[in-house]
Amino acid sequence: MILALNIKNIALIDEAEIDFDDGLNILTGETGAGKSIVIDSMTLLLGGRANKDIIRNGAQKATVEGVFLVDSNTDVIHKILDEAGIEHEDDDTLIISRDITENGRNYCRVNGRIVPLSFLSKLGTYLVDILGQHEHQFLLDSSKHLSILDNFQDKNFFDLKGTLKDLLSEYNILNKRLKEFYSDDKEKMSKIDLLKYQINEIESAKIKKGEEENLLERRNILINSEKLFNSMNECYNLLYKGINDNASILDNLSVVLKNLDASHKIDRRLEKLREMIQSALYTLDDCSIQIRDYIENINFDANELNEIEKRLDILGNLKRKYGRTIEEIIRYKEEKNDELTKLLNAEEEIHKINKEKEEIMQKIKVISDEIHERRKNVADFLEKKISDVLSELNMPNTIFKVDIRKKDVANENGMDEVEFLISTNIGEPLKPLDKIASGGELSRIMLALKTILADFDGISTLIFDEVDTGISGKAAQSVAQKIALISRNRQVICVTHLPQITSMADAHFKISKDFDKDKTYIKIEKLDYEGKIKELSRIISGTVVTNTTYSHSKELIDLAENYKKSLI
């Protein structure tokens with residue numbers, strides 16, 4: 001439930017705070033006083049669409065903040081918060097805020113943590129359900145009836161729909177593959193010729209993994225053969241021959257070894273050092289031999305270099321066409337080989353795909369049948385419940401029917417078409433809602449749907465924004481009593497013009513306009529008992545409140561209090 005709502009710089013509201021109560025919270029005021037702004041602000045808090053035009057003139061941003069008590073759907077809400085890394089309070093309060101700035105940007109926070117706007121929508125689904133004054137028009141669109149019916153299903157039903165969606169996706173992929181086989185023969189032959197050409201071009205090149213790296217390395221050696229010869233020859237001379245009449249490293253190391261041979265006979269501690277020099281001498285002698293052999297094999301071969309360049313050109317051409325690396329080119333060839341094989345064996349492949357399609361379609365039909373049966377079960381339940389509720393709402397002779405028809409083709413919703421039918425008088429045939437239901441009847445049907453759905457979704461706060469459209473007299477009293485009954489088990493916030501509903505208020509908020517110099521402000525006032533009587537008198541009689549109106553208003557409120565006590 002929502003504990004408090006703070007609104008700042010939204011439309012005509014400078015700043016207002018409402019502390020909501022349990023039970024039935026009524027919002028009243030003159031037409032245009034700003035009641036809808038409060039509901040719109042709540043919608044913003046739950047992820048509704050907004051633009052910078054809602055910002056109060058002269059302000060830089062608009063802000064709405066709400067404090068909620070998570071007293072229903074607790075596990076689901078905690079899971080959503082945990083997945084987003086948002087800590088939930090020990091007392092299960094939840095603080096949601098949203099800023100709308102002049103540049104159109106939105107800044108949303110949950111318990112102080114910045115979140116995307118979509119997160120508010122996801123969270124709001126489990127916190128508040130809003131029934132707007134025009135939402136009953138939704139009922140007139142029969143294409144929406146299936147989704148309304150499915151709202152009364154359980155998780156397993158939606159798991160079935162998820163499986164159905166996956167199967168349809170597989171089926172469509174197979175259809176797409178099959179379509180490729182049924183392209184005209186000329187196009188098919190052209191594709192086969194192209195595939196053969198590409199495969200032959202790659203195979204003719206006889207490419208190997210790592211080949212390009214080896215060629216590049218060999219080309220680099222050939223290009224730098226003279227430099228290699230000079231540097232390695234110098235190494236050989238330094239080690240073995242010596243340079244400019246200077247003794248070689250090996251000659252000088254031989255002298256060192258000779259001196260150590262003589263010295264270690266005097267001092268045996270030099271034995272290890274002598275062995276190290278001797279080992280180094282043998283190693284360097286071996287190195288000089290290897291360097292000499294390397295020099296003898298250095299050979300600049302212009303023909304070899306030319307062949308390498310040609311080979312690299314071939315590889316480069318293949319890379320430009322078929323992949324950035326040799327490995328990618330090889331994978332491309334394998335893929336095209338598979339594609340060519342399928343085209344050359346089209347009959348077999350078509351048979352295989354058709355068989356897969358049949359198997360998947362069989363699964364689709366089985367799941368669609370199960371979805372159909374589940375819908376029928378819920379429809380039977382819904383028909384009875386709605387007829388019962390409508391009877392309570394002064395539509396006693398109403399028959400409500402959920403018409404479910406099976407189609408030949410499945411979609412993500414199965415193979416069903418759903419339409420709500422109604423007969424509001426004895427002897428009248430069932431007809432679509434848009435052919436028979438008045439505005440007041442539609443309001444009561446939507447109210448019935450919402451009250452029944454509330455038992456399914458577990459949402460603890462319901463908002464009714466002028467759902468009394470087209471209702472008066474005895475029907476209005478029935479609606480008032482029904483809303484009061486609903487508010488015994490959950491929090492209800494209701495914007496209304498009807499005195500019957502207003503009299504049922506547990507908490508009554510009066511919304512009015514105020515003027516200060518050249519600006520208009522909206523004032524929200526929580527009424528005491530006397531204030532409730534005066535506001536109800538205004539609703540009944542308009543601007544002039546007589547003693548008779550006052551007495552009648554007081555009587556209505558007292559009768560409403562007695563009725564609510566009878567519900568306990």
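1. Start at the loop between S1 and strand S2 (13–19), where Ala11 lies. This is a predicted model. Ala11 has a positive phi, near 55°, and is a residue other than glycine. Ala11 is partly exposed, with a relative accessible area of 31%.

2. Asn9 is not a glycine either, yet its phi is positive, about 60°. For background, most residues other than glycine have a negative phi. Asn9 sits in strand S1 (residues 2–10). Is Asn9 buried or exposed? Asn9 is buried, because its relative accessible area of 14% falls under the 20% limit.

3. Now the chain as a whole. The chain has 19 helices and 15 strands. How does its radius of gyration stand against that of a compact globule of 568 residues? The globule would come near 24 Å, but the chain has 43 Å. Along the principal axes, the C-alpha atoms fill a box of roughly 135 × 75 × 50 Å.

4. Arg109 is found in strand S6 (residues 106–110). Its relative accessibility is 28%, so Arg109 counts as partly exposed. Beyond residues up to four places away in sequence, Arg109 touches Ile95, Ile96, Ser97, Asp99, Ile114 and Val115.

5. Contacts across the sequence come next. Take the contacts in the chain with a separation of 6 or more: residues 24 or more positions apart account for 72% of them. As for burial, 43% of the 568 residues count as buried.

6. Which residues have the most contacts inside the largest nonpolar core? They are Leu139, Val402, Phe464 and Ile483, in a core of 50 residues. Helix H15 (residues 439–457) gives the most to this core, with nine residues.

7. Phe464 deserves a look of its own. Neighbours within four places in sequence are set aside here. Phe464 is then in contact with Leu131, Leu447, Ile483, Ile486, Val492, Ile493, Cys494 and Val495. One of these partners, Ile483, is also among the residues with the most contacts inside the largest nonpolar core.

8. Glu419 lies in strand S10 (residues 414–423). Is Glu419 buried or exposed? Glu419 is buried, because its relative accessible area is 17%, under the 20% cut-off. Not counting residues up to four places away in sequence, Glu419 touches Ser142, His145, Lys401, Val402, Asp403, Arg405 and Pro432. Among these partners is Val402, a residue of the largest nonpolar core.

9. Last, charge and surface. How many positive and negative side chains does the chain have? There are 81 positive and 101 negative side chains. The centres of the two sets lie 2 Å apart. The chain exposes about 31,400 Å², and carbon and sulfur atoms supply 49% of that area.

Definitions and conventions: Residues numbered from 1 in each chain as written. Predicted model: local features only at pLDDT ≥ 70, side-chain atom pairs only at ≥ 80, totals over all residues. Heavy atoms only, no water. Helix = DSSP H or I, 4+ residues; strand = E, 2+ residues; numbered from the N terminus. Rg over C-alpha atoms; globule rule 2.2 N^0.38 Å. Buried < 20%, exposed > 50% of the residue type's maximum accessible area, 1.4 Å probe, protein only. Contact = heavy atoms within 4.5 Å. Areas by Shrake-Rupley, 256 points an atom, 1.4 Å probe, with all protein chains shown as cover. Lys, Arg positive; Asp, Glu negative; His and termini not counted. Charge placed at Lys NZ, Arg CZ, Asp CG, Glu CD. Core = buried A, V, L, I, M, F, W, Y, C linked by side-chain atoms within 4.5 Å.
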